[in-house]
Structures are given as structure tokens and as C-alpha cells.
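Hi everyone, and thanks for making time for this.

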Amino acid sequence: MEIANSHAQSQRVLKQRNLLVAIAGVLAAITAILFLMVATRDREIVLQPILRSPLTVSSAGVSREYLEMVTRDAAVLTLDRSPSNLEYWMKSVLDITAPSAQGRLKADLLKIVNEQRGSSIAQFFAIQSMKLDPDNLTSDVTGDLHTIVGSKVISKDRRTFRFKWKYSGVSLQLVGFGMVSKAEEGDQ
């Protein structure tokens, strides 16, 4: 009788152990599934800009509105400069630049800084229009580029500048920018 009782007791313990292992396995599977869902799910951040309406940034891609706002700020930042703000200008442009493009862009910016340092030449850009391509992460900004020497405006030219971007996670970073030639404008 004692052997039968002992055998029944061990069978109950064995069933409990098997049930606990099964529950632990199910919980581990649920945890893994939830982790994968969280890791692969598109993230969104809602930004409350001063202009227009709230802006949503998603890891799924760049929205047209976000690309427009960033391009507008980048155009003003990159194209407005004077001898008195050259160091700040270069640092600010590099702050919005993707790490992979910083070396090349810094070399180009240093040329401009060295040419303009000590001079009385300043420039500012008045935006007239923008062409945005969120799929290819490019934006063309057309406007009037004013060049000032001392206190006199010496030129006002209609120019188009192209900004190229890299989007990673929920971060839009500058990869390059430059003036679009007349031939490139005609190709589009």
C-alpha cells in the first residue's frame, strides 16, 4: 500500500512539473512574440511645430510635411551666412549631417569658411518654391540668392539648390547639398 501511495504521489508531482514546464513554455513563446512585435513595429513621434499642424514622424518613412519643414530649415541654415557667423554656421550644418557624409561635407564647408573669413561678403536666400521627393529623399529649393558686400546688395540671382537626405529610424539627416545647374533643372 505504501508503494502504491508513493507511486501516486510521484505521479501527481510529475504532472505538476509537466504542467509548469508547459506554462513556462507558453509564457516564453508569448514573450518572444511580444518582443518581436515591439521590435518590428513602426514607431511614431508626434511633434508639435509652431507652424500649421501637429506633425507625425514614423519609422515607416518620411512624410512630405516633415521633409518640407526640415528642408526649409536646412535651406535657411545652409544658405544664410556672413563672416561673423562662419564657425557657428559650419558647426550647425555638420550637426544635421549624417555621420557618413560629415568628412566630405566638412572639407567643402572649410573651403567656404577660408574663402569668406575676413571678408565683408554675406549672403541670404529667400525661398520661392520647393519640389519634394520623399521616396528618393531629395528636395529642390528655388529662390533668390542675395549677395551683399558691406551694406550694398551686389547680386540677386534665382537659384535652385538640391538637398539629399538619409532617413534612419526616425531621424532625417543631411547627406549633401549643392546648386543645381541649368542643365539638371531642364532634365527634370
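Before anything else, a word on terms: when I say helix, I mean a DSSP run of H or I with at least four residues, and a strand is a run of E with at least two. Please also keep in mind that this is a predicted model.

With that in hand, let's begin with residues 19–39. UniProt, in an unreviewed entry, places the feature "transmembrane region" there. In the model, the span is 100% helix and 0% strand, and its end C-alpha atoms lie 30 Å apart.

Now the whole chain. How many helices and strands does the protein chain have? There are five helices and six strands. Reading from the N terminus, the order is α-β-β-α-α-α-β-β-β-β-α. The chain has 188 residues, and buried residues make up 29% of them.

Let's go inside. In soluble globular proteins, nonpolar side chains tend to be buried together. Here, the largest nonpolar core has 27 residues, and F163, W165 and L172 have the most contacts inside it. Which elements supply at least two residues each? They are α2, α3 (86–95), α4, β3, β4 (138–149), β5 and β6. The biggest contribution is from α2, which gives six residues.

Next, the aromatic rings, where the count comes to three pairs. One of them is F125 with F161: the ring centres are 5.4 Å apart and the planes sit at 85 degrees, so this pair is edge-to-face. F125 belongs to strand β3 (residues 121–133) and F161 to strand β5, so the pair ties together parts that are 36 residues apart in sequence. Are these two buried or exposed? F125 counts as buried at 5% relative accessibility, and F161 is buried too, with a relative accessible area of 7%.

Another pair is F163 with W165. Their ring centres are 6.3 Å apart and their planes are at 20 degrees, so this one is stacked; the cut-off for stacked is under 30 degrees. F163 is buried with a relative accessible area of 0%, while W165 counts as buried at 6%. Ring pairs also bring in F177, linking F163, W165 and F177 into a cluster.

Now for some empty space. Rolling a probe the size of a water molecule over the atoms shows where empty space is left. The largest pocket has a volume of about 250 Å³. It is lined by 14 residues, and those closest to its centre are L79, R81, I112, F161 and F177. The elements giving two or more residues to the lining are α2 (64–79), α4 (102–116), β5 (152–168) and β6 (171–179). Which of them gives the largest share? That is α4, with four residues. By class, the lining has eight nonpolar, three polar and three charged residues.

One last stop, in a loop. Most residues other than glycine have a negative phi, and most peptide bonds are trans. L137 is not a glycine, and yet its phi is positive, at about 55 degrees. Where is L137? You'll find it in the loop between β3 and β4. L137 counts as buried, with 16% relative accessibility against a cut-off of under 20%.

Note on methods: Residues are numbered from 1 along each chain as its sequence is written. This is a predicted model: local features need pLDDT of at least 70, side-chain atom pairs count only at pLDDT 80 or more; totals for chains, interfaces and linings use all residues. Side-chain values use heavy atoms; hydrogens and water are left out. On a 1 Å grid over the protein atoms alone, a cavity is a set of points where a 1.4 Å probe fits but cannot get out, and a pocket is an open set with protein on both sides within 12 Å along at least five of seven lines; lining residues have an atom within 4 Å of a point. Grid points are joined across faces, edges and corners, and a volume is the space filled by probe spheres set on the points. Ala, Val, Leu, Ile, Met, Phe, Trp, Tyr, Cys and Pro count as nonpolar, Asp, Glu, Lys and Arg as charged, and the others, Gly among them, as polar. UniProt positions are given in the numbering used here, feature names are shortened, and annotations may be inferred rather than shown by experiment. Rings of Phe, Tyr and Trp (its six-membered ring) pair if their centres lie within 6.5 Å; planes under 30 degrees apart count as stacked, over 60 as edge-to-face and the rest as tilted. Buried means under 20% relative accessible area, exposed over 50%, partly exposed in between (1.4 Å probe, protein chains only). A nonpolar core is a set of buried Ala, Val, Leu, Ile, Met, Phe, Trp, Tyr and Cys residues joined through side-chain atoms within 4.5 Å.
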